[in-house]
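Q: I want to learn how to read packing features from a model. Can you walk me through this one?

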Amino acid sequence: MESRAHSERLQHLEEFHVSEECGFVLPDPLAQLPDYYAPWTNVAANLPHLVETQQLRGEVAKMPLLSARHLRGHRQLRLAHLALGVITMGYVWQGGGRQPAKILPRVLAVPFCAVSARLGLPPILVYADCVLANWKKRDPRGPLSIGNLDTLFSFPGGDSSKGFFLVSLLVEVAATPGLQAIPTIVKAVLRQDLCSVHTALQDVALAICRMQEAFTLIHEHVDPGLFFRTLRIYLAGWKDSSLMPEGLVYEGVWEAPRQFSGGSAAQSSTLQCFDILLGIPHSTAQGFSAEYLRRMRDYMPAAHRAFIQTLASGPSLRQFALVTGDAGLRAAFNQCVAALAALRSYHIQVVTKYITIPAGRCRAEQQLGGCVQEGVSVRSDMGTGGTDFMRFLKAIRDSTHTAQLTD
């Protein structure tokens with residue numbers, strides 16, 4: 001009975017903020033807040049220039065302390081969290097890795113923590129901010145394509161900075177048909193409707209393949225050198241950070257420093273949904289991977305977390321495929337697993353190009369007295385979320401491979 005109740009809940013995707021057009025992406029995000037909040041949006045909109053000219057911290061010092069109580073509705077809260085998150089990252093890392101700010105002033109800390117509490121998010125820029133809610137169409141009537149998209153806010157790095165967020169956005173949009181298929185699969189498993197499960201699994205596999213196709217756009221729109229030396233630091237958090245080992249003091253909120261992870265793809269609700277749907281056994285493969293992925297759910301919007309939790313409490317697709325013994329269903333299931341493993345392998349290739357290789361070049365330049373910007377970058381073996389990223393990515397890729405159903 002409990003599984004059926006969860007199945008019924010999953011049929012109403014809008015309650016979990018999952019849209020028919022773009023999945024977990026926030027549809028048509030607001031671009032402006034009420035005039036009262038102009039100090040936030042003006043600074044956020046001008047952030048690349050302010051950071052590059054070392055003026056951001058001075059501008060923040062001039063900002064008034066604004067109350068978050070005038071924000072109304074989910075969309076205003078999401079835009080406020082994005083704007084305050086962008087300013088916070090710029091403020092902390094304006095001096096690069098050499099001089100991170102250890103105290104977030106109360107004009108930022110107090111409203112940021114208030115907005116975060118209302119959304120159920122941590123007070124740091126998260127994936128749901130910079131990817132899922134950071135976009136607009138250049139032509140409102142045009143297509144959802146990279147040529148017709150722009151970010152609301154960005155960081156130093158020019159078009160590469162914008163391109164990184166927009167490519168990630170399109171990867172999420174490509175997953176939408178797969179997310180739409182999940183309620184169908186759960187309902188069909190409960191009804192023992194093998195044919196419907198088989199058809200819906202094909203939709204999931206195709207969606208994951210489309211995600212990888214969208215991911216290839218990164219090579220056209222993001223320069224590896226600019227990503228590694230410029231953009232990457234502004235996504236770094238202050239948990240498990242060698243640059244900020246104690247964390248960040250949120251002035252006027254907490255006396256002791258707090259630690260939070262930076263935004264990363266591990267905070268994607270989409271990938272965790274597909275893992276749960278397919279029964280990917282990260283917990284048995286690598287303990288640190290499983291713990292880290294569970295912790296990243298705290299960095300997702302509350303409605304998205306609820307969707308994941310509801311799906312996890314439902315019937316097991318994997319067990320259904322095993323029990324039926326149907327060869328066609330098993331093949332469809334394995335096709336989904338293979339597509340997800342391939343996507344993760346491709347992610348490793350991209351990380352190698354955009355982090356591992358530039359890091360190696362930078363170390364070589366350092367030995368020759370070059371790479372003066374190395375202090376601006378986070379450790380080359382650490383992801384923005386604070387993980388040993390290559391070990392993490394290989395672990396979840398390998399555990400995905402093990403989810404294949406065998407005879």
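Q: Leaving aside its neighbours within four places in sequence, which residues is Arg-57 in contact with?
A: Contact means heavy atoms within 4.5 Å. Arg-57 is in contact with Tyr-91, Val-92, Trp-93, Gln-94, Gly-95, Gln-99, Pro-100 and Ala-101, leaving aside neighbours within four places in sequence. Keep the origin in mind: this is a predicted model, where local features need pLDDT of at least 70, side-chain atom pairs count only at pLDDT 80 or more, and totals for chains, interfaces and linings use all residues. Residues are numbered from 1 along each chain as its sequence is written, and side-chain values use heavy atoms, with hydrogens and water left out.

Q: Where is the place of Arg-57?
A: Helices (H or I, at least four residues) and strands (E, at least two) are DSSP runs, numbered from the N terminus. Arg-57 belongs to helix 4, residues 56-62.

Q: Over which ring does the charged end of Arg-57 sit?
A: A charge sits over a ring if NZ of Lys or CZ of Arg is within 6 Å of the ring centre and within 35 degrees of the ring normal. For Arg-57 the ring is that of Tyr-91, with its centre 5.6 Å away.

Q: How many aromatic pairs does the structure hold?
A: Rings of Phe, Tyr and Trp (its six-membered ring) pair if their centres lie within 6.5 Å; planes under 30 degrees apart count as stacked, over 60 as edge-to-face and the rest as tilted. The structure holds 14 such pairs. Phe-215 and Tyr-346 are one of them, edge-to-face, at 5.5 Å centre to centre and 70° between the planes.

Q: Which parts of the chain does the pair of Phe-215 and Tyr-346 link?
A: Distant ones. Phe-215 is in helix 10 (residues 194-215) and Tyr-346 in helix 18 (residues 327-367), 131 residues apart. Phe-215 is buried at 13% relative accessible area. Tyr-346 is buried too, at 12%.

Q: Why is the pair of Tyr-292 and Phe-392 edge-to-face?
A: Check the planes. They stand at 80°, with the ring centres 5.2 Å apart, so the pair is edge-to-face. Tyr-292 lies in helix 15 (residues 287-296) and Phe-392 in helix 19 (residues 389-401), so the pair ties together parts 100 residues apart in sequence. Tyr-292 is buried, at 4% relative accessible area. Phe-392 is buried as well, at 6%.

Q: Which residues do ring pairs link into a cluster?
A: The cluster holds Phe-155, Phe-164, Phe-165, Phe-227, Tyr-234 and Tyr-354.

Q: At what angle do helix 8 and helix 12 pack?
A: Two packed helices are described by the angle between their axes and the distance between the axes. Axes are lines fitted to C-alpha atoms, for helices over the stretch in contact, and angles run from 0 to 180 degrees between N-to-C directions. Helix 8 (residues 158-174) and helix 12 (residues 224-231) pack at about 95°, with their axes 9 Å apart. Angles under 35 degrees count as roughly parallel, over 145 as roughly antiparallel, 65 to 115 as roughly perpendicular and the rest as oblique. The angle therefore makes helix 8 roughly perpendicular to helix 12.

Q: Which residues make the contact of helix 8 with helix 12?
A: Helix 8 supplies Ser-160, Ser-161, Phe-164 and Phe-165, and helix 12 supplies Leu-226, Phe-227 and Leu-231. Ala, Val, Leu, Ile, Met, Phe, Trp, Tyr, Cys and Pro count as nonpolar, Asp, Glu, Lys and Arg as charged, and the others, Gly among them, as polar. The contact residues divide into five nonpolar, two polar and no charged.

Q: What does Ser-168 touch, not counting residues up to four places away in sequence?
A: Ser-168 touches Tyr-127 and Val-131 on that count. Ser-168 lies in helix 8. Its relative accessibility is 16%, so Ser-168 counts as buried.

Terms used:
Buried < 20%, exposed > 50% of the residue type's maximum accessible area, 1.4 Å probe, protein only.
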